[in-house]
Amino acid sequence: MPTGCRSRRLTSRPDAARRQRLSSAWCDGNRGARRSPHERSCVLPEWTSLDCAPPSETHRQAALERQAQLTKPLGALGRLEQVAVEIAALQASERPSADRVPVVLFAGDHGIAAQGVSAYPPEVTVQMLHNFAAGGAAISVLARGLGCPLEVVDVGTLASAPVPDVLVDKPRRGTRDFSVEAALAPAEVAFAVEAGRRAVARQADHAPQLVIFGEMGIGNTTSAAAIAAALLRCAPAEIVGSGTGLDADGRARKAAIIAAALARHGLTSGAGVADILAAVGGLEIIAIAGAIIAAAQRRWPVLVDGFIVSVAALLAVRLNSSCRSWLLFSHRSAERGHSLVLEALGARPLIDLDLRLGEASGAATALPIIRLACALHNGMATFAEAAVSGRGS
Ligand SMILES: Cc1cc2ncn([C@H]3O[C@H](COP(=O)(O)O)[C@@H](O)[C@H]3O)c2cc1C
Ligand SMILES: O=C(O)c1cccnc1
């Protein structure tokens with residue numbers, strides 16, 4: 001790990017602390033934070049700190065025993081075995097499956113984009129909403145090919161008129177420019193968290209076996225990098241990447257803008273999660289963090305996408321460590337800070353294809369591997385069924 005980064009692996013919370021957290025009227029995300037006068041009220045809904053159930057250890061054990069009986073040397077299917085066992089434990093099922101997998105894409109705009117931190121102009125976000133609706137975006141093609149229902153939710157783009165087939169659930173159009181003022185008011189942060197939960201509730205009709213969240217928002221690698229730098233107490237230069245295609249000078253400028261903003265908002269030494277979100281957050285990133293917690297509380301495994309969704313996952317886990325068990329990690333993005341964020345989450349993604357798109361494209365690309373892992377687990381013959389001799393010694 002690069003120097004100067006105070007990353008910590010996440011462990012489960014002690015029972016006493018968890019009880020105190022549940023009985024507290026205050027949000028976990030605010031605890032211990034220095035608050036500016038307008039941030040004095042609790043901004044994170046209390047449900048975000050309610051425990052998620054643990055995976056079923058009985059089903060994990062049964063799945064491990066089945067894997068040992070299938071006609072292959074023990075462990076020879078490597079991580080495909082581990083994925084199938086994990087999903088069996090999460091689904092509390094003897095036959096793990098990832099057939100019903102809704103994809104929810106959250107879109108938002110970023111005031112910080114006015115500082116030239118993206119290689120593309122802000123209007124691309126809304127233009128891409130039309131592209132999602134028309135079926136021409138990467139995730140549109142992937143979701144179609146995989147048979148995944150795709151919902152697009154505008155939680156804060158600059159769009160002033162409805163876009164066909166895009167749900168609108170936003171507290172404002174775009175965040176404020178966090179290089180000059182706080183990106184969001186506390187109530188706007190809370191609204192975005194609730195928008196994430198509402199999106200999860202809408203997916204219940206699909207009876208999901210797994211769920212994928214994605215994002216679209218020009219400038220959102222800057223907001224995500226600022227959040228990650230504040231949470232991990234890293235120098236922004238350790239996290240900042242090219243996003244849509246900045247060169248070295250652009251990356252250095254982006255890192256300097258984030259460093260100045262973190263100092264300006266008092267986020268350089270252990271601020272609370274809620275304060276970080278109000279200062280430098282993005283509405284789609286916050287909505288995804290809320291959606292992750294809400295999905296885990298419903299016992300839905302979440303297949304995490306790239307850098308931005310992983311930052312949302314880190315937020316979710318910092319707010320509620322019990323949701324960590326419900327996260328599977330799809331891919332390692334080419335965006336610079338992703339490895340640090342994955343490491344902080346103790347995560348090892350399935351694939352590494354130099355993707356740097358977002359839109360849930362990495363998670364969708366990894367889904368066939370998960371489906372095949374389940375098919376192998378469920379469909380292979382055992383040594384006894386196939387009359388194949390087991391291991392000699
Ligand atoms: C046409 C286009 C489609 C995209 N789809 C996802 N992103 C990705 O790029 C953006 C983040 O990068 P940055 O922070 O550099 O703006 C997000 O919208 C992300 O989803 C796209 C970007 C573009 C240009
Ligand atoms: O990995 C990601 O999420 C990513 C990387 C670059 C641009 N947009 C998204």
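The model is predicted: local features need pLDDT of at least 70, side-chain atom pairs count only at pLDDT 80 or more, and totals for chains, interfaces and linings use all residues. Residues are numbered from 1 along each chain as its sequence is written, while chains are lettered from A and ligands numbered from 1 in the order in which they are written.

**The protein overall**
- The protein has 15 helices and 6 strands, taken as DSSP runs numbered from the N terminus (helices are H or I with at least four residues, strands E with at least two).
- Of the 393 residues of the protein, 52% are buried.
- Taking contacts between residues at least 6 apart in sequence, 78% join residues at least 24 apart; a contact here means C-beta atoms, placed from the backbone, within 7 Å.

**Around T71**
- T71 sits in the loop between α2 and α3.
- Beyond its neighbours within four places in sequence, T71 contacts M380, A381, T382, F383, A386 and V388.
- T71 and A364 are separated by 293 residues in sequence and by 29 Å in space, C-alpha to C-alpha.

**Helices α2 and α3**
- Helix α2 spans residues 57-69 and helix α3 residues 78-91; they pack at an angle of about 150 degrees, with axes 7 Å apart.
- That angle makes α2 roughly antiparallel to α3, since angles over 145 degrees count as roughly antiparallel, under 35 as roughly parallel, 65 to 115 as roughly perpendicular and the rest as oblique.
- The contact involves E57, H59, R60, A63, L64 and Q67 from α2, and E81, A84, V85, A88 and A89 from α3.
- By class, this contact has 6 nonpolar, 2 polar and 3 charged residues; Ala, Val, Leu, Ile, Met, Phe, Trp, Tyr, Cys and Pro count as nonpolar, Asp, Glu, Lys and Arg as charged, and the others, Gly among them, as polar.

**Around E359**
- An unreviewed UniProt entry carries the annotation "active site" at E359; such annotations may be inferred rather than shown by experiment.
- E359 lies in the loop between α13 (338-344) and α14 (361-379).
- E359 counts as buried because 27 C-beta neighbours lie inside 10 Å.
- Leaving out residues up to four places away in sequence, E359 touches L105, A137, A138, I139, G214 and M216.

Note on methods:
Axes are lines fitted to C-alpha atoms, for helices over the stretch in contact, and angles run from 0 to 180 degrees between N-to-C directions. Two residues are in contact if their C-beta atoms, placed from the backbone, lie within 7 Å. A residue is buried if 20 or more other C-beta atoms lie within 10 Å of its own, exposed if 12 or fewer, and partly exposed in between; C-beta atoms are placed from the backbone.
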